Amino acid sequence: LLMASLAAIMANSVFVIITELAPVYRMPRGAHGVEHSLNVTLREIPGMGPAEAAHWRTELEIDPQLQCLSYYATWAVLLALAIVSYHVSHLIGDHNVNDLAWFPSKKQDWILQVILLPAMYAVMAHRCVIRSWLVMLGAEFGTAGFEGLTWPQYVDRNIALYNADFAVANFAEMCTIWCFSKLCLELLAQSLGSKDNHFVFSCLAMQGVDTFIFCGLLYVSALLVTTSAEISNLFRFTTIADAKAANIIENIRNSEGSLRALMVVSFFQAIYNGFMICFMPRLRDISPNLKFTGVRALVMFAQWQSAALDFLCYFHFIPYSAHQVRLLHASLMCFECLGVSVLHVFSWPAEDFDNGYLPLEDAETPGWKSATRRTEWKTHSRSFQSKSVILQDRPPANTAPRRTSWG
């Protein structure tokens with residue numbers, strides 16, 4: 001169900017990217033073309049004076065380096081989608097432990113979730129690139145979906161949608177960390193002995209992961225609630241009930257900074273637990289540290305890169321405004337997702353997927369088609385041999401024709 005949901009989100013996101021790219025690529029190319037497009041929009045805004053227009057031009061200016069980086073982000077996302085699609089289709093089509101078309105085992109589902117993460121995150125990051133471009137170009141201001149908004153309200157709504165897109169990507173990131181941790185714990189189940197030992201160890205090992213997911217879900221939920229309120233015009237209330245609801249939403253919005261800081265702190269504990277699990281001697285044969293490198297790098301880029309750029313922008317260490325930093329972060333994430341997708345091709349080879357990540361003593365030869373069916377066949381063969389011996393010791397059955405009531 002999770003895989004189907006992610007596939008539906010990716011398909012919808014690709015469709016939205018194609019539709020939203022049209023106004024961006026219709027704009028003139030080059031720094032002068034971008035500036036001209038923004039100037040035309042600002043001149044048409046009623047009540048905006050020259051000083052305010054100059055302020056917005058400074059805030060939304062795109063230098064040639066940032067413009068080139070954001071343009072090529074589209075090709076990075078398309079290449080990442082092609083690599084991940086080929087990798088997943090190759091694994092499911094040619095290396096399926098169940099020998100059933102598009103029906104992998106539970107552990108293989110967890111592996112596919114990890115492999116699909118960079119494609120999912122790249123699509124959402126590119127949506128954020130487009131959202132930033134729409135603001136910096138002044139495109140779609142006053143059009144369907146943005147009618148009746150002032151310029152600051154139009155900018156705030158696009159920022160809210162930008163944060164919501166990254167919130168959905170962060171949710172997929174948290175699910176992926178949980179899937180990888182569960183995969184490692186399943187492989188350690190036999191070495192832990194009893195179920196009680198497995199339960200205690202899983203609680204200790206998953207403590208950081210569960211904390212990170214819990215804090216992340218709170219942060220993502222807060223972002224989605226405030227974004228929904230912004231889109232539904234809840235802050236422009238007309239009744240007392242709307243005012244009370246807007247007050248609650250405003251309190252949730254004020255808590256987003258604290259929730260984000262809490263999520264970043266809990267991320268350290270999740271990474272520490274992941275390191276401890278990856279260095280377990282039992283898992284050494286499957287190189288879990290290499291397999292976790294891609295997810296770990298993507299989480300670090302998503303959380304630390306954004307916080308670092310905000311810090312550098314706040315203290316004026318880089319000559320970028322907050323709007324320019326958002327475009328820079330989203331563009332960099334597109335290229336980083338491409339790098340992670342390439343890394344997954346080498347860190348999650350077909351031989352490992354072919355074994356379905358069984359207990360390691362059952363996966364004797366990586367090239368065998370299915371270690372699961374091989375083990376079950378041995379069990380059934382022994383059972384069949386024992387039944388044959390029992391049947392041989394029995395006296396021969398009476399083979400005389402049976403008399404019937406009508407015979």
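## Basis of the description

Helices (H or I, at least four residues) are DSSP runs, numbered from the N terminus. The model is predicted, so local features need pLDDT of at least 70 and side-chain atom pairs count only at pLDDT 80 or more, while totals for chains, interfaces and linings use all residues. Residues are numbered from 1 along each chain as its sequence is written, and side-chain values use heavy atoms, with hydrogens and water left out.

## The largest pocket

A pocket is an open set of points on a 1 Å grid over the protein atoms alone, with protein on both sides within 12 Å along at least five of seven lines; a cavity is a set of points where a 1.4 Å probe fits but cannot get out, and lining residues have an atom within 4 Å of a point. Grid points are joined across faces, edges and corners, and a volume is the space filled by probe spheres set on the points.

The largest pocket has a volume of about 840 Å³. It is lined by 32 residues, of which Ile-159, Asn-163, Tyr-219, Arg-260 and Arg-326 are the closest to its centre. Helix 6 gives the most to this lining, with 9 residues; helix 8 (207-231), helix 10, helix 11 and helix 12 are also among those that each supply at least two. By class, the lining of the largest pocket has 15 nonpolar, 9 polar and 8 charged residues, where Ala, Val, Leu, Ile, Met, Phe, Trp, Tyr, Cys and Pro count as nonpolar, Asp, Glu, Lys and Arg as charged, and the others, Gly among them, as polar.

## Enclosed cavities

The structure holds 2 cavities of 30 Å³ or more, and the largest cavity has a volume of about 80 Å³. Its lining includes Arg-131, Asn-158, Ile-159, Tyr-162 and Arg-326. Helix 5 (106-137), helix 6 (151-187) and helix 12 (322-347) each supply at least two residues of this lining, and helix 5 gives the most, with 4 residues. The lining of the largest cavity divides into 4 nonpolar, 3 polar and 2 charged residues.

## Salt bridges

There are 2 salt bridges in the structure, each a side-chain nitrogen of Lys or Arg within 4 Å of a carboxyl oxygen of Asp or Glu. One joins Asp-165 and Arg-127, at 3.2 Å from N to O. This pair links distant parts of the chain, with Asp-165 in helix 6 and Arg-127 in helix 5, 38 residues apart. Asp-165 and Arg-127 are both buried (under 20% relative accessible area; exposed is over 50%, and partly exposed is in between, with a 1.4 Å probe and protein chains only).

Asp-310 forms a salt bridge with Arg-260, with the closest N and O atoms 3.3 Å apart. Asp-310 lies in helix 11 (residues 288-314) and Arg-260 in helix 10 (residues 256-278), so this bridge ties together parts that are 50 residues apart in sequence. Asp-310 is partly exposed, with a relative accessible area of 33%, and Arg-260 is partly exposed at 24%.

## Aromatic contacts

The structure holds 15 aromatic pairs. Rings of Phe, Tyr and Trp (its six-membered ring) pair if their centres lie within 6.5 Å; planes under 30 degrees apart count as stacked, over 60 as edge-to-face and the rest as tilted. Tyr-162 and Phe-166 form an edge-to-face pair, 5.3 Å centre to centre with 75° between the planes. These two residues are 4 residues apart in helix 6, separated by about one helical turn. Tyr-162 is buried at 5% relative accessibility, and Phe-166 is buried at 8%. Elsewhere, Phe-212, Phe-267, Phe-268 and Trp-304 form one aromatic cluster.
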